[in-house]
2 protein chains.
Amino acid sequence: MLNKAGRDIPSVIPGFKEVKLYNGPFAANPTGRVVGPKITVNKPRSEKILKSIDQAIEATGLKSGMTISFHHHFRNGDYVLNMVVEAIARKGIRDITLAASSLTSTHDAIIPYIEQGVITAIETSGGRGKLGELFTSGKFLKKPVLIRSHGGRARAIEAGEVVIDVAFIGAPACDTYGNINGIEGKSACGSMGYAMCDAAYADQVVAITDHLVPHPLYPISIPQTNVDFIVEVEAIGDPKGIASGALRISKDPKELIIAEYASSVIEYSGYFKNDYSLQLGSGGASLAAAQFIKEKMIAQGIVGSFGVGGITAPFVEMLDQGLFKTLFDVQDFDIPSIDSLRNNPNHLEMSASYYANPHNRGPIVNKLDVVILSATEVDVDFNVNVITNSNGVIMGASGGHCDTAAGAGLSIVVAPLLRGRLPMVLDKVHTIVTPGETVDVIVTERGVAVNPNRKDVFENLKQANIPLMSIEELQQIAYDLTGKPESIPVTDEIVGVVEYRDGTILDVIRKPV
Amino acid sequence: MLNKAGRDIPSVIPGFKEVKLYNGPFAANPTGRVVGPKITVNKPRSEKILKSIDQAIEATGLKSGMTISFHHHFRNGDYVLNMVVEAIARKGIRDITLAASSLTSTHDAIIPYIEQGVITAIETSGGRGKLGELFTSGKFLKKPVLIRSHGGRARAIEAGEVVIDVAFIGAPACDTYGNINGIEGKSACGSMGYAMCDAAYADQVVAITDHLVPHPLYPISIPQTNVDFIVEVEAIGDPKGIASGALRISKDPKELIIAEYASSVIEYSGYFKNDYSLQLGSGGASLAAAQFIKEKMIAQGIVGSFGVGGITAPFVEMLDQGLFKTLFDVQDFDIPSIDSLRNNPNHLEMSASYYANPHNRGPIVNKLDVVILSATEVDVDFNVNVITNSNGVIMGASGGHCDTAAGAGLSIVVAPLLRGRLPMVLDKVHTIVTPGETVDVIVTERGVAVNPNRKDVFENLKQANIPLMSIEELQQIAYDLTGKPESIPVTDEIVGVVEYRDGTILDVIRKPV
């Protein structure tokens with residue numbers, strides 16, 4: 001069956017109850033109610049603290065066939081997921097569904113447990129390295145890996161499509177009755193935005209902390225009313241992997257050209273005025289673009305309303321300099337951002353649902369004017385792939401890509417026109433993560449293409465000193481240099497499913513030959 | 001059928017699907033899941049602002065037979081409830097269930113609409129004045145008024161026992177996309193604790209504001225993700241009725257004696273030590289007790305952990321003086337408290353669920369050491385009535401009474417032994433709001449009685465210079481002065497139902513003869 005993005009989706013996919021086809025970014029009409037956790041009782045002065053992860057697994061009654069969840073704020077420094085999966089394996093529990101907000105290469109450590117059948121299904125924003133290869137191999141997992149955006153995951157949790165039996169929350173600071181924040185302790189990660197959803201909807205919630213403090217801890221990111229058990233451990237993460245220092249701005253000439261064009265696109269788009277709002281990616285070109293945008297804002301005396309992210313130091317600098325009034329923060333990438341969330345009352349923590357859930361009464365992406373996003377590849381229909389590489393292997397993450405593209409007034413995708421000998425503008429991307437209908441401008445170092453459905457933006461950009469051209473012209477430049485690339489040969493076996501943020505199936509990932 | 005509190009509850013009550021008998025404060029074993037709102041979509045850049053309450057009623061599709069909700073943070077200064085009910089009546093809508101967090105005498109204005117059948121069922125923490133008389137008359141309403149505690153209401157909403165079709169939120173400050181707080185604007189009321197539950201669980205949410213500000217407003221008490229529509233009006237309340245200046249400490253000698261005894265009870269109870277936590281009522285004796293407790297804390301160098309409430313100026317002073325580290329605030333009673341919530345980061349807003357919902361993973365009352373509560377009457381089984389007066393007429397509110405009594409390590413009830421010619425310690429209170437099993441000490445100006453199930457407290461209090469006696473002795477003193485009072489003659493007609501915080505029926509209110 002062809003969906004609205006033109007993708008051929010089988011009517012039956014192993015492990016999926018129902019295959020709902022993507023039918024346009026705002027076509028879904030959801031029904032039903034938000035589904036909360038099982039109702040429980042916690043008696044006065046009850047003890048929530050347990051001695052070990054093993055004890056917590058016993059206390060929750062976690063057993064084979066259940067679903068567990070994790071958040072990825074510790075990024076490549078995370079110890080929690082690996083510790084818990086190991087403990088589960090030791091107990092002989094099998095057939096677990098792992099619903100993580102995302103997975104990084106540090107989680108390669110769980111590969112043996114996937115191979116042994118401890119984990120047999122995975123839902124995540126993405127996968128990298130050996131895990132991504134394992135997903136793409138189609139081996140071991142009982143059903144295709146399910147890729148969700150951050151907003152889509154929040155939606156799926158609230159809608160009861162993901163029923164989390166036990167959420168394990170890495171808690172940088174936790175008090176003795178379960179109030180949690182991410183801004184204190186040696187493993188501070190800043191915002192707890194993704195974990196907030198897990199904690200609010202999981203049937204049982206275990207906080208794992210290396211910084212247990214007296215009750216009450218505040219500010220409170222996750223409240224005691226969500227937390228069943230608390231386990232203190234030596235370390236929940238490696239600070240060096242959790243947050244970097246402020247990233248250095250790119251010196252790559254190609255990235256700098258892209259950044260300059262992208263900032264000109266914003267400047268002339270019609271959106272660049274007082275009280276505009278902005279989301280930046282964390283890639284090199286995005287961060288470089290931040291610098292140019294900052295200069296333009298200062299030069300023209302423009303003060304923005306709010307920034308959104310995935311927060312990085314350039315945004316924090318703009319907040320500190322009064323160029324934006326507020327930041328909404330679902331995750332922090334560096335130490336300056338964590339410090340800012342801790343110290344600056346204008347820097348606000350938000351949940352993944354507030355950030356991007358398409359089925360509440362209005363996430364912050366709905367008020368976003370401009371977003372800059374990256375891409376692995378795009379196509380002439382403006383579809384974007386950020387999940388599979390040029391061999392068709394899963395090596396990226398959906399993140400908030402499709403959420404912000406759908407929400408923002410102006411969505412700008414930045415990418416080099418060529419990666420090595422490979423063109424980046426294709427006839428069809430190998431995997432669609434963000435549908436072209438929601439992508440407005442594609443910026444490369446050789447040219448800038450505007451989606452034909454945004455004639456208003458195209459007209460505005462004629463004033464900008466940028467190489468404006470059609471997407472086909474852009475593609476031709478690439479093809480002239482490299483020749484037309486072969487499409488990636490695949491088998492019929494479906495190893496991944498890309499769920500659009502509204503719960504429909506946008507694309508499937510087939511096992512490469 | 002006799003319930004565990006010894007009350008005779010009919011097996012069928014008009015308008016109640018099922019009659020679940022109270023069986024002890026922690027006997028209920030809830031099943032099922034938390035029930036969230038209907039899932040909806042709010043598209044990017046959608047307009048939430050409507051021109052009038054009438055338009056909002058139309059936009060929500062509110063129709064006869066539905067349930068609407070309100071919060072009572074504006075107390076006697078509230079304009080919102082009356083405005084909305086009037087508008088509903090004008091539209092010819094009838095048979096509405098009014099689920100308010102509480103009702104005050106300013107809501108006497110809705111009596112005509114009850115008489116006309118616009119409102120035919122009421123769920124509330126209490127009722128006063130003419131409304132209380134109307135409830136007790138058994139006229140007009142199709143079923144008995146349902147009395148819930150603040151924690152019980154949060155529980156009932158989360159459990160889906162109250163399904164709110166439309167919540168109307170009086171918003172002291174609201175931005176153009178629905179972010180709300182209570183600390184700004186001319187009608188600032190401070191904490192929005194009760195409204196948070198309505199907003200999170202109602203199928204549709206209408207914010208009514210007299211202070212509409214640009215997006216994004218922060219701090220955020222109720223998020224845009226909960227709000228469907230926004231209506232700007234001239235005024236949502238009368239500031240003089242919303243919050244008083246700091247209340248003056250009582251000069252009533254009887255209240256001062258009670259306050260002194262109550263503070264001695266705390267001092268010698270075994271709970272008075274560093275990091276203890278405290279909730280105070282807003283009555284005269286409670287506020288006077290605060291003064292004595294403060295002096296004792298300073299004298300003994302004791303620093304408490306947190307205060308809870310219903311916040312009043314004496315608590316704010318203790319916070320400012322470093323006698324408590326934190327306040328948890330579900331509602332503010334005076335201007336100093338509102339100012340403190342706005343300005344002091346150690347003064348935390350909380351929802352009614354965080355405050356007192358017995359069926360989440362641990363409300364703050366579960367960590368409460370000491371609470372001082374008032375009473376209309378108590379009985380020799382330590383049961384407390386705060387809802388009906390000496391004529392059996394509804395004239396009070398349940399509030400957080402039974403919630404804090406159940407949660408606190410030490411629950412102290414303060415009341416005069418006599419009111420006029422009427423004794424306050426009876427064989428049986430007319431209406432039980434808080435079961436005696438959860439009441440530890442009763443303090444009057446003539447004597448202090450300790451619940452026999454708290455022998456530990458009784459032993460400790462022997463050191464205190466207070467007239468310790470049995471509850472029967474206390475009763476005898478009263479009866480010697482006034483004679484044994486007649487019980488209030490009642491009919492068989494049930495006009496009110498007192499639901500315990502766990503959803504069981506603790507007592508019924510019968511129409512007086």
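Reply: In helix α10 of chain B, the buried residues are B:A313, B:P314, B:F315, B:V316, B:M318 and B:L319. Buried stands for under 20% relative accessible area, exposed for over 50%, and partly exposed for what lies in between, using a 1.4 Å probe and protein chains only. The helix runs over residues 313–320, and since six of its eight residues are buried, α10(B) is largely enclosed by the rest of the structure. Helices (H or I, at least four residues) and strands (E, at least two) are DSSP runs, numbered from the N terminus.

This is a predicted model, in which local features need pLDDT of at least 70 and side-chain atom pairs count only at pLDDT 80 or more, while totals for chains, interfaces and linings use all residues. Residues are numbered from 1 along each chain as its sequence is written, chains are lettered from A and ligands numbered from 1 in the order in which they are written, and side-chain values use heavy atoms, with hydrogens and water left out.

The buried residues of α10(B) pack against several elements of chain B: the strands β13 (278–279), β14 (304–311), β15 (324–332) and β16 (347–349), and the helices α9 (284–300) and α11 (335–343). Contact here means heavy atoms within 4.5 Å. Just after the helix, B:G322 has a positive phi of about 80°.

Another helix of chain B can be described in the same terms. In α4(B), residues 129–137, the buried residues are B:L131, B:G132, B:L134, B:F135, B:T136 and B:S137. Their cover includes the helix α3 (111–115) and the strands β5 (119–124), β6 (145–147), β27 (490–499) and β28 (505–512) of chain B. B:G138 follows α4(B), and its phi is positive, near 75°.

Positive phi values turn up at non-glycine residues of chain A as well. Most residues other than glycine have a negative phi, and most peptide bonds are trans. A:F140 has a phi near 75° and sits in the loop between α4 (129–137) and β6 (145–147) of chain A. At 40% relative accessibility, A:F140 counts as partly exposed. A:R75 has a phi near 45°, and its place is the loop between β3 (67–70) and α2 (80–90) of chain A.

There are cis peptide bonds too. One joins A:Y218 and A:P219, with omega about -5°, and A:P219 belongs to the loop between β11 and β12 (229–232) of chain A. In chain B, a cis bond with omega about -5° joins B:Y218 and B:P219, and B:P219 is in the loop between β11 and β12 of chain B.

B:H215 is found in the loop between β11 (212–213) and β12 (229–232) of chain B. With a relative accessible area of 12%, B:H215 is buried. Leaving out residues up to four places away in sequence, B:H215 touches A:S305, A:F306, A:I364 and A:K367 from chain A, and B:D175, B:T176, B:Y177, B:N179 and B:Q224 from chain B. The side chains of B:H215 and B:Q224 are joined by a polar contact of 2.8 Å. A polar contact is a pair of N or O atoms within 3.5 Å; within protein, one must be able to donate a hydrogen and the other to accept it, and residues adjacent in sequence count only if both atoms are side-chain atoms.

In chain A, β11 belongs to an open sheet of three strands in the order β9-β8-β11, with mixed pairing. β9 (180–181) and β11 (212–213) stand at the edges with a single partner strand each, so one side of each has no neighbour in the sheet. Strands pair if DSSP finds at least two bridges between them. β8(A), residues 173–175, pairs with β11(A) in the parallel sense over two bridges, and A:D175 stands opposite A:V213 in β11(A).
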